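I opened my notebook today to look around a protein model. Here is what I looked up, entry by entry.

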Amino acid sequence: MTQDNFPSWPDVAAQLVNVAAGRTPADTIISGGIWVNVHTREALPDHDIAIAAGRIAFVGPDAGHCRGADTTIIKANGRYMIPGLCDGHMHIESGMLTPAEFARAVIPHGTTSMFTDPHEIANVLGLKGVRMMHDEALMQPVNIFTQMPSCAPSAPGMETTGFEISAADVAEAMQWPGIIGLGEMMNFPGVSNAAPQMLAEIAATQKAGKTVGGHYASPDLGPAFAAYVAGGPADDHEGTCEADAIARMRQGMRSMIRLGSAWYDVETQITAITEKGLDPRNMILCTDDCHSGTLVNEGHMNRVVRHAIECGCDPLIALQMATINTATHFGLEREIGSIAPGRRADIILTPDLKKLKIETVIARGQVVAQDGECIVDCPHYNWPDTARQTVNMGRNLTAADFHIPAPHGANAVTANVIGVVENQAPTKALQFELPVTEGRVQGTGEVCQIALVERHRATGTVVNAFVSGFGYQGSMAMASTVAHDSHHMIVVGTDADQMALAANRLREVGGGITIFRDGQELALVALPIAGLMSDSPATEVAAKAEQMMQAMRDCGCTLNNAYMQHSLLALVVIPELRISDLGLVDVRKFEFIPLLEPL
């Protein structure tokens, strides 16, 4: 049963009442398990759960009175019965998968509710793209709630996107059935400075009674942060240290702490709970960005909960952060996030709360995964050709497009260089002295070249700069049309010829990620939908992604999840230094700076 035709609690209240009273038989009973009650933070042995119409009717020591001749019995055999896990903030596109294939990948890991912000596709296809994601989300056998993207472009004046999102778009989307709120408000300077469009988007969301997502990516916790909170965002996931988490919770926000494929921000912030003793109700676990390889090989929200426990968090508190806390934040405490009467029957059976091995997953009363296998259909949306033809470069590029001319007569120059920080979203604004050969500035040592290729409007624009930290060696290039948030094409390489080959290859296949070395393609992950997603199964995409990451290693890169770092190099709302189609952006000041310092 899909979300758009799933009956509400009032629709089936009479049936639930009659099942609980023993007058009508339950559809399913889970018997003899340990009830993990996230409302009271208890683990209660020898309990049963009776389910009817996809919802929980009764929880107690004995549901025998709810049993009928046709009632399905699932024996828990002393295992823990925990609520289905909720991801409080995530982007499906980061998995390189469509909503259907993302759901198929995470269901076996116990994720039954996701709060997704499709702002990646919004930058490429606008409101129509958001609606496509929304519509496929509603088709799935688990709960995928959509947040209407707030910022496309993420920083007006700093980048050019394929489409722009307006306050009128936000107001329209608030009426869609699957919209739960406003996606992360990344334009934090706009909110802090009372920009009319940003406040209008927040107002439209609040008037609709929905939740405003936050994204405050500055270390400044002074008046600018206070102004941002006053603007209305209700949560934030950009914290990286304990002080960030504490500041957000003290100001009445929910602190969302994330463990994604490359973001390791749980260990440094959960100490606000484990050591400082703050109320854990205001902390939520999330993933933000997970690529397909992480989903297939490591897990999803079960991975985050395990990690929080490994960081010293009480297992029951960690589970609250991935269930009831999330549901409460989005106004869905009476619908999901716990095992209690009336709630959707989203339940996991596991033998161990710390290791959290997911053995059985039930969503809306139906067994959807067993022993690591998804056993239900995840329907696909019929994506139109307009969503598959989005790499509009206008022409093939040549090596000359990637040449960086030096000032006349210079033998060396001082360049502003983007410095990658392993396992974190922020970068460093660095300066290096770089050599000049035949009138062109050259990367050297840790510094190689980065280029942003415009791919939405066929302008032919190529912006060149330098980046440090990947460790690439030899003659190589890596290109990707996944380039948060504007999603132009990012090319990083050591050789202009290889950079041209890689860029042209992605134009040919309609988007994705490719790596060239010495004129040969080492890996290709084709992402034909918006240049962001594949509608192939996650296992296939993950295998190609692993080949891609191995190719990065073969080219000398040793960074953990370097692909995620590559994909964020154009994210002009996270400090310190980024590249856009308009130039090199100092995000600390939201100003363009020159690539080369004056001699």
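**Entry 1: the sheet.** I kept in mind that this is a predicted model. I began with helix α2, residues 99-106, and found that α2 lies across β6, β7 and β8. Its direction makes an angle of about 140 degrees with β7, residues 111-116. Next I looked up the strand order of an open five-stranded sheet, and it reads β6-β7-β8-β9-β10, with parallel pairing. Which strands stand at the edges? They are β6 (85-90) and β10 (211-214); each has a single partner strand, so one side of each has no neighbour in the sheet. On average, neighbouring strands here are turned by 25 degrees against each other, ignoring direction.

Entry 2: I then picked β8 (residues 143-148) and β9 (residues 179-185), which run parallel and are joined by three bridges. For Gln-147, I noted Gly-181 in β9 as the bridge partner.

**Entry 3: a threonine.** I found Thr-326 in helix α13, which covers residues 324-329. Is Thr-326 buried or exposed? Its relative accessibility is 0%, so Thr-326 counts as buried. Setting aside neighbours within four places in sequence, I listed its contacts: Cys-86, Gly-88, Phe-115, Ile-284 and Met-321.

**Entry 4: the cores.** I looked up the largest nonpolar core and found 160 residues. Leu-285, Phe-470, Tyr-472 and Met-548 have the most contacts inside it. Helix α3 (residues 119-138) gives this core its largest share, nine residues. I also noted a second, separate core of 19 residues, including Val-491 and Phe-516. Last, I checked Tyr-472: beyond residues up to four places away in sequence, Tyr-472 touches several residues, among them Cys-448, Val-492 and Met-552.

Conventions. Residues numbered from 1 in each chain as written. Predicted model: local features only at pLDDT ≥ 70, side-chain atom pairs only at ≥ 80, totals over all residues. Heavy atoms only, no water. Pairing = 2+ DSSP bridges. Helix = DSSP H or I, 4+ residues; strand = E, 2+ residues; numbered from the N terminus. Axes fitted to C-alpha atoms, helices over the stretch in contact; angles between N-to-C directions. Contact = heavy atoms within 4.5 Å. Buried < 20%, exposed > 50% of the residue type's maximum accessible area, 1.4 Å probe, protein only. Core = buried A, V, L, I, M, F, W, Y, C linked by side-chain atoms within 4.5 Å.
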